[in-house]
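Please find my notes on this model below, as numbered points. They begin with the aromatic rings and then turn to the fold, the cores and some backbone details.

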Amino acid sequence: MAIEKITMPQLGESVTEGTISKWLISPGDHVNKYDPIAEVMTDKVNAEVPSSFTGVIKELIAGEGDTLEVGQVICTMDVEGSKGTTTNVTEEQTIQNESVPSQEQSKQVKKLEENSGKARYSPAVLKLSQEHDIDLSLISGTGKDGRITRKDLLKIIESGNIPKAEEQVVAQPQQTVQNIPAPTATAKPAAPTVPAANIPVLPGDIEIPVSGVRKAIATNMLRSKHEAPHAWTMMELDVTNLVEYRDSIKTEFKKREGFNITYFAFFVKAVAQALKEFPQINSMWAGDKIIQKKDINISIAVATDDALFVPVIKNADDKSIKGIAREIFELANKVRTGTLKADEMQGGTFTVNNTGSFGSVQSMGIINYPQAAILQVESIVKRPVVMNNGMIAVRDMVNLCMSLDHRVLDGLVCGRFLQRVKQILENISKETSVY
């Protein structure tokens, strides 16, 4: 029997850590390869982690509620006939080997120190540094390529030895883990957040524990707001013809297809078409370059009672309105039944959020990092409008609110993009095909 390690998997692009929400096994349990062993939550997906081996669970390294970076060990397993890295190695020897940095690691740390102006940090590291007022430029990390990890900061915080301007702290080496580079941190850290312990709890107040999903959402939102300079723009649309057309076909469509044809499907299709004409919007910031994505994959926000998931409609520009409506229906059902897969959350290049579904008429969305923009489709409302002939008429109006990363996009191209979306939607008629 040999001891093998199972590590935190990467459950989505740009995902750097996950939270163990529930163990599905216990020490001593026999599991087969690919059997689910734990439920893990990230800012992008709630998924089951499969076993990488067949064997007997030896030890659960992480507890429920613990957040670990991608690549960190979550449990160990006795595997018969394994040729793993821990075969014939004692636990004491393994710990010693993990605690001594290799020559290559030392070179990486030195290289990072020489290029401190190009340091990259994970959202968890940024959050901890802000909360405890730690100058990250004074710390040498032990992660991959010498990057600072969450455990590095926790060790420094526990020691109480917060580095001063004239000091440099080298964190105790630990097992190398995989870190996904975050955009270059050039701005000064934001003001530290107020620790929960300093908030007085008065009689009648209710303390609600923060779930793993909520923590993951908070981390991603903080990263987006911290790194991306947000700008906003809004455009008003007259969608009277769209409303009349959709209402005229919805009954027959539902009877024929088995699912609803929603207004949202028309908006997603219009956005996908406009993205094809304005590919700059379909881009991402990558530090020293901007990556303009070839595929148009639309992320849509789907909320449950206590969390927000963002599944992706792949190649939306190649799909009909009916095809998009079907995917919206199926993805929303998967979110609400807990059957959404990790790969159905990956690859999004632009997000469309149906905020109008709960009555909102104007909002400013936080960009779904690392995308460059998000579009909020607000509620369609009837309002009196002055027409071109000077007459007043009751029309179906909707606001489109767009948040943009001003490092990637400027107001001019976003304005033209929204004008094109407006033109497409305002010109929908009974001749428009949904197939």
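1. A search of the whole structure gives five aromatic pairs; rings of Phe, Tyr and Trp (its six-membered ring) pair if their centres lie within 6.5 Å, with planes under 30 degrees apart counted as stacked, over 60 as edge-to-face and the rest as tilted. One of the pairs joins Phe 253 and Phe 259, which are edge-to-face at 5.4 Å centre to centre and 85° between the planes. Phe 253 and Phe 259 are both buried, where buried means under 20% relative accessible area, exposed over 50% and partly exposed in between (1.4 Å probe, protein chains only). Together with Phe 329 and Tyr 435, Phe 253 and Phe 259 make up one aromatic cluster.

2. On provenance: this is a predicted model, in which local features need pLDDT of at least 70 and side-chain atom pairs count only at pLDDT 80 or more, while totals for chains, interfaces and linings use all residues. Residues are numbered from 1 along each chain as its sequence is written, and side-chain values use heavy atoms, with hydrogens and water left out.

3. The protein chain has nine helices and 21 strands, taken as DSSP runs numbered from the N terminus (helices: H or I, at least four residues; strands: E, at least two). Of its 435 residues, 46% count as buried. Among contacts (heavy atoms within 4.5 Å) between residues at least 6 apart in sequence, 67% join residues at least 24 apart. The accessible surface of the chain is about 22600 Å², and 51% of that belongs to carbon and sulfur atoms; the areas come from the Shrake-Rupley method with a 1.4 Å probe.

4. The largest nonpolar core has 62 residues, and those with the most contacts inside it are Ile 281, Ile 298, Phe 350, Phe 417 and Leu 425. A nonpolar core here is a set of buried Ala, Val, Leu, Ile, Met, Phe, Trp, Tyr and Cys residues joined through side-chain atoms within 4.5 Å. Helix H7 (residues 263-277) supplies the largest share of this core, ten residues. Apart from this core lies another, of 19 residues, among them Met 8, Trp 23, Val 40 and Ile 74.

5. Which residues does Ile 281 touch? Leaving out residues up to four places away in sequence, the partners of Ile 281 include Phe 350, Met 402, Cys 414 and Phe 417. Cys 414 is counted as buried because its relative accessibility is 0%.

6. H7 is mostly covered, with eleven of its 15 residues buried. The buried residues of H7 include Lys 269 as well as Phe 264, Phe 266 and Phe 267. The end C-alpha atoms of H7 are 22 Å apart, which agrees with the 21 Å that 15 residues should span at 1.5 Å a residue; the expected span is 1.5 Å times one less than the number of residues.

7. Asp 405 lies in strand E21 (residues 392-405). Asp 405 counts as buried because its relative accessible area is 2%. Among the residues that Asp 405 touches, not counting those up to four places away in sequence, are Pro 229, Trp 285 and Ile 367.

8. Some backbone details follow. The peptide bond from Tyr 369 to Pro 370 is cis, with omega near 10°, and Pro 370 sits in the loop between strand E18 (350-353) and strand E19 (373-377). Tyr 34 is not a glycine, yet has a positive phi of about 80°; Tyr 34 is exposed, at 62% relative accessible area.
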